[in-house]
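Here are my notes on the model you sent over. Have it open while you read, and go through the points in order.

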Amino acid sequence: MRLKDKVAIVTGAGSGIGRAAAMLFAAEGAKLILADLDNADETAEAIGANARGYAADAGDEDSIRRLVRQAEEHFGGLDIMFANAGISGGLKGIFEQTPEDWQEILRVNLIGPWLAVKHAAPAIKERGGGSIICTASVAGLRAGAGGPAYSASKAGVISLVETAAAQLVGSNVRVNAICPGLIETGMTAPIYQWARDKGRGASIGQLNPLQRGGEPDEIAKAALFLASDESSYVNGHAMVVDGGLSASHPFRKLAYGQTAA
Ligand code: NAP
């Protein structure tokens with residue numbers, strides 16, 4: 001019970017990584033305020049009395065302010081904020097994306113996490129400290145894992161957690177990011193479907209040394225570590241959880257036991 005008596009908000013909790021994190025946090029004893037555009041209720045119902053689901057836009061300041069208030073009203077305060085909601089915005093390139101594409105992707109993926117920090121940090125500080133986790137991506141480390149605005153938004157999230165950790169000096173509120181690699185969720189369902197339809201399902205995830213895609217639960221476990229006191233000295237960090245994808249430049253990989261000669 002690593003989150004016993006802790007109160008957490010999870011955004012994007014209706015699907016994928018957010019839903020997996022909500023289920024895991026609940027199993028570890030947390031009380032949960034769950035937010036999604038439209039299906040947080042389903043996750044809350046699957047958990048039971050210790051979770052409440054709300055329709056909320058994670059990129060809207062009033063919605064985030066309300067979620068923090070709901071944590072305080074229903075569960076007496078806030079200890080953990082998992083700012084996880086995000087959109088891919090598709091795979092249009094630099095010359096196809098419009099200013100409106102950029103504005104919406106940055107609003108949800110980057111302004112959302114900033115609003116989460118802005119409104120959660122004071123409430124968490126009131127409880128004596130806690131943890132804010134923002135979902136970034138390997139797309140924020142370098143090109144090739146998402147569209148231009150998506151990648152820029154996730155690079156911004158990595159910068160945000162560094163700045164926030166530095167500015168929350170003395171608050172005992174830690175702020176970290178997770179950078180998932182390829183994970184099978186609603187967001188990546190079209191990629192998985194496309195590969196499987198072409199009979200190439202087995203090629204998914206072959207670019208990383210573990211040679212597979214990841215599961216939402218593998219990101220949820222990283223979020224649990226960052227949410228819990230087990231990570232009490234981890235702050236301003238972007239934790240990569242990608243099977244080793246970003247550990248290497250893209251040169252020809254040798255099979256296990258094979259030599260370069
Ligand atoms: P997902 O299954 O699509 O889950 C994202 C959830 O966020 C969906 O339920 C979505 O609702 C919700 N959402 C979208 N916009 C929202 C908003 N404005 N306010 C509140 N909720 C909103 O995808 P996921 O992969 O779990 O994504 C979670 C996070 O992981 C995202 O930040 C994503 O960028 C990041 N990530 C994912 C991967 C991957 O390979 N899957 C890799 C790196 C990073 P709707 O379904 O109704 O739109």
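1. S151 is buried, with a relative accessible area of 14%; buried here means under 20%, exposed over 50%, and partly exposed in between, with a 1.4 Å probe and protein chains only. S151 sits in helix α5. Helices (H or I, at least four residues) and strands (E, at least two) are DSSP runs, numbered from the N terminus. Leaving out residues up to four places away in sequence, S151 touches A139, G140 and G146, where contact means heavy atoms within 4.5 Å.

2. A word on the ground rules: this is a predicted model, so local features need pLDDT of at least 70 and side-chain atom pairs count only at pLDDT 80 or more, while totals for chains, interfaces and linings use all residues. Residues are numbered from 1 along each chain as its sequence is written, and side-chain values use heavy atoms, with hydrogens and water left out.

3. Is F95 buried or exposed? F95 is exposed, at a relative accessible area of 79%, and is found in the loop between β4 and α4. From F95 to P148 the C-alpha distance is 9.8 Å, although 53 residues separate them in sequence.

4. Now the sheet. Seven strands make an open sheet, ordered β3-β2-β1-β4-β5-β6-β7, with parallel pairing; two strands pair if DSSP finds at least two bridges between them. The edges are β3 (51-55) and β7 (238-241), each pairing on one side only. On average, neighbouring strands are turned by 15 degrees against each other, direction ignored. Axes are lines fitted to C-alpha atoms, for helices over the stretch in contact, and angles run from 0 to 180 degrees between N-to-C directions.

5. Some details of the pairing. β6 (residues 173-180) and β7 pair in the parallel sense over four bridges, and A177 has A238 of β7 as its bridge partner. For β1 and β2, also parallel, there are five bridges, and T11 has A35 of β2 as its bridge partner. β2 is largely enclosed by the rest of the structure, because five of its six residues are buried. Helix α2 (residues 40-47) packs on the sheet, touching β2 (31-36) and β3, and its direction makes about 175 degrees with that of β3.

6. Which residues touch the most other members of the largest nonpolar core? They are I9, L67, L78, V117 and I132, out of 34 residues. A nonpolar core is a set of buried Ala, Val, Leu, Ile, Met, Phe, Trp, Tyr and Cys residues joined through side-chain atoms within 4.5 Å. Helix α4 gives the most to this core, with seven residues. Beyond its neighbours within four places in sequence, L78 has contacts that include V7, I9, V68, A120 and R127. A second, separate core has 29 residues, among them L3, A21, F82 and I178.

7. Last, the ligand. It is surrounded by 28 residues, the closest being S15, D36, A58, Y150 and T185; a residue is near a molecule if one of its heavy atoms lies within 4 Å of it.
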